[in-house]
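Here are some notes for a colleague who is opening this entry for the first time. Please read them beside the sequence and the model.

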Amino acid sequence: MHVRLTTLARLIFGNRPAQVYLALVAVAAVYVAVDTAFVHHEDASFAGIWLFLLAAPTIFGFMAFGAFAGDSFAESAAFLYPALVLSVLLQALALGLFTRLMTGQGRAARPHGA
């Protein structure tokens with residue numbers, strides 16, 4: 001179990017493309033937090049759109065799934081924030097798997113000539 005979690009964490013956080021993606025998401029999250037807390041807007045701010053664009057397309061799948069539970073639940077913070085975090089982690093995992101596939105890391109060493 002420990003080896004699986006370590007491998008999963010390495011795929012999500014242990015490669016450069018996933019780290020760059022997660023850093024972009026963190027910057028966008030800080031931007032949204034600062035915009036929400038400190039900037040006064042006459043109308044609604046569109047700062048949160050950046051998080052959803054970075055989490056696309058998986059966030060839209062979660063939102064479609066949440067719509068089955070009801071619109072009030074799907075639009076609540078109790079659903080959207082965990083769905084956003086999970087979709088970002090799933091996409092970082094996909095980047096890690098793709099990086100592993102493209103670089104050939106993680107393949108079992110085969111004997112020469114086999």
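1. In this predicted model, a nonpolar patch on the surface is formed by Y31, F46, I49, W50 and L53, which together have about 600 Å² of accessible area. Helix α3, spanning residues 49–55, supplies the largest share of the nonpolar patch, namely three residues.

2. Turning to the packing of helices, two packed helices are described by the angle between their axes and the distance between the axes. Helix α1 (residues 2–13) packs with helix α2 (residues 16–38) at an angle of about 65°, and their axes are 6 Å apart. Angles of 65 to 115 degrees count as roughly perpendicular, and α1 is therefore roughly perpendicular to α2. On the α1 side the contact is made by L11, I12 and F13, and on the α2 side by A18, Q19 and L22.

3. L22, whose place is in helix α2, deserves a separate look. When residues up to four places away in sequence are not counted, L22 touches I12, F13, V88 and A92. As for A92, it lies 70 residues from L22 along the chain, while the C-alpha atoms of the two are separated by 7.1 Å.

4. A point for checking the backbone is the cis peptide bond that joins A56 and P57, where omega is about 5°. P57 has its place in the loop between α3 and α4, the latter helix covering 58–68.

5. Another proline, P82, has its place in helix α6, which runs over residues 77–103. With a relative accessibility of 46%, P82 counts as partly exposed, because that class lies between the buried limit of 20% and the exposed limit of 50%. The C-alpha atoms of P82 and F62 are separated by 9.9 Å, and these two residues are 20 residues apart along the chain.

6. Finally, is E75 buried or exposed? E75 lies in the loop between α5 (71–74) and α6, and at 62% relative accessibility E75 counts as exposed, since this value falls in the class over 50%. From C-alpha to C-alpha, E75 and A64 are 11 Å apart in space, and they are eleven residues apart in sequence.

Note on methods: Residues numbered from 1 in each chain as written. Predicted model: local features only at pLDDT ≥ 70, side-chain atom pairs only at ≥ 80, totals over all residues. Heavy atoms only, no water. Patch = residues over 30% accessible without salt bridge, like charges linked within 9 Å, V, L, I, M, F, W, Y side chains within 5 Å. Areas by Shrake-Rupley, 256 points an atom, 1.4 Å probe, with all protein chains shown as cover. Salt bridge = Lys/Arg side-chain N within 4 Å of Asp/Glu carboxyl O. Helix = DSSP H or I, 4+ residues; strand = E, 2+ residues; numbered from the N terminus. Axes fitted to C-alpha atoms, helices over the stretch in contact; angles between N-to-C directions. Parallel < 35°, antiparallel > 145°, perpendicular 65-115°, else oblique. Contact = heavy atoms within 4.5 Å. Buried < 20%, exposed > 50% of the residue type's maximum accessible area, 1.4 Å probe, protein only.
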